[in-house]
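Colleague: I am new to this structure. Could you walk me through how to read it?

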Amino acid sequence: MVSPVPGPKYLSVREHLRRRVASLPELTLLPPEPVLCAEYGVSRITLRRAVDGLVADGHLVREQGRGTYVTRPAIRHEYRESFVHRIAGWSSVMTETGAQVGTTVLAQRVVPAPAAVAAELGLDGASDVIELQRLRSVDGAPNHVAHSYLPADRYPRAAEEDFSEGSLYAYLRREYQADLAHARIVVDVGTAAPEEATLLQVVAGSPLLVVRTTVRDTGGEPLLHSFSRLRPDVSQVEFEVSVNGR
């Protein structure tokens, strides 16, 4: 009944339960522990470990005298950029999930390439880049601030394009036939500066997830670099890794 997941048995039980509760109405009570243990063929210790993970993730709630029932995680949106079998930007992927995506352009200008950006893009110190800063929202709530940098000599028209809606990646493919083939992603943690905190509706100094991405063409030449600073309470970063050589 339980599809195997590599690792300890409780991981398989937790994954099956996660899929199961996702299809149940909120506040639905789970069957008692003995029933679930018999159903999954596991001990109470294994079952409790599986349930503990779903409680920690916000999928289930335990109440003394009532039992364990279905809830919904506090995280309502996922920050998703698909880099498996395709390079698809955040707005495209989120729109595909049915989310209402909003974009406010905060800055769009040609500037000398900052040292860190120049290093990522393989540019010399005299090169200019187009700097694009956008506040992105999901279903009306601020989600993250995205900073994108493109070589100005490669994509000159991007300095004037209206990016208040639509996908930057789709624009580069459409207007420049950009070969967005590979992406390197680094995730770390930062803190919200005062102006940034106001935009994201968090307290200054609050922790933020920082996702840095450099996209390259088939030959390995860097095409653009970006970093997004996300509210961790309404975002999660998802990776899917393929090991079959594709």
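**Reading the model**

Modeller: Start with one residue. Leu27 is exposed, with a relative accessible area of 52%. The model is a predicted one.

Colleague: Where does Leu27 lie?

Modeller: Leu27 sits in the loop between α1 and α2. Look at its backbone too. Leu27 is not a glycine, yet its phi is positive, about 80 degrees.

Colleague: Which residue other than glycine has a phi near 60 degrees?

Modeller: That is Gln201, and the value is positive. Gln201 belongs to the loop between α7 (194-200) and β7 (207-216).

Colleague: Is Gln201 buried or exposed?

Modeller: Gln201 is exposed, because its relative accessible area is 59% and the cut-off for exposed is over 50%.

Colleague: Let us step back to the whole protein. How many helices and strands are there?

Modeller: The protein has seven helices and eight strands. Its chain counts 246 residues, and 43% of them are buried.

Colleague: Now the helices. What describes two packed helices?

Modeller: Two values do: the angle between their axes and the distance between the axes. Here, α1 (residues 9-22) packs against α2 (residues 33-40) at about 110 degrees. Their axes are 12 Å apart. So α1 is roughly perpendicular to α2, since angles of 65 to 115 degrees count that way. The crossing of this pair is right-handed.

Colleague: Which residues of α1 and α2 make the contact?

Modeller: From α1 come Lys9, Val13, His16, Leu17 and Arg20. From α2 come Leu36, Glu39 and Tyr40. By class, this contact has four nonpolar, one polar and three charged residues.

Colleague: At what angle do α1 and α3 pack?

Modeller: At about 50 degrees, with their axes 8 Å apart. The two helices are therefore oblique to each other. The crossing of α1 and α3 is right-handed.

Colleague: Which residues of α1 and α3 meet?

Modeller: On the α1 side they are Lys9, Tyr10, Val13, Arg14, Leu17 and Arg18. On the α3 side they are Thr46, Leu47, Arg49, Ala50, Val51, Gly53 and Leu54. The contact of α1 with α3 has seven nonpolar, two polar and four charged residues.

Colleague: How far apart are Asp57 and Arg18 in sequence and in space?

Modeller: In sequence they are 39 residues apart. In space, Asp57 and Arg18 are 9.9 Å apart, C-alpha to C-alpha. Asp57 lies in the loop between α3 (44-56) and β1 (60-63). Asp57 is partly exposed, with a relative accessible area of 46%.

Colleague: Let us end on a strand. In which strand does Arg212 lie?

Modeller: Arg212 is in β7. Its relative accessible area is 31%, so Arg212 is partly exposed.

Colleague: What is Arg212 in contact with, leaving aside its neighbours within four places in sequence?

Modeller: Arg212 contacts Arg184, Ile185, Val186 and Asp188, and also His225, Ser226 and Phe227. Then compare its separation from His147. Arg212 and His147 are 65 residues apart in sequence. Their C-alpha atoms are 9.4 Å apart in space.

Note on methods: Residues are numbered from 1 along each chain as its sequence is written. This is a predicted model: local features need pLDDT of at least 70, side-chain atom pairs count only at pLDDT 80 or more; totals for chains, interfaces and linings use all residues. Side-chain values use heavy atoms; hydrogens and water are left out. Helices (H or I, at least four residues) and strands (E, at least two) are DSSP runs, numbered from the N terminus. Buried means under 20% relative accessible area, exposed over 50%, partly exposed in between (1.4 Å probe, protein chains only). Axes are lines fitted to C-alpha atoms, for helices over the stretch in contact, and angles run from 0 to 180 degrees between N-to-C directions. Angles under 35 degrees count as roughly parallel, over 145 as roughly antiparallel, 65 to 115 as roughly perpendicular and the rest as oblique. A crossing is left-handed if the near helix is turned anticlockwise from the far one by less than a right angle, and right-handed if clockwise. Contact means heavy atoms within 4.5 Å. Ala, Val, Leu, Ile, Met, Phe, Trp, Tyr, Cys and Pro count as nonpolar, Asp, Glu, Lys and Arg as charged, and the others, Gly among them, as polar.
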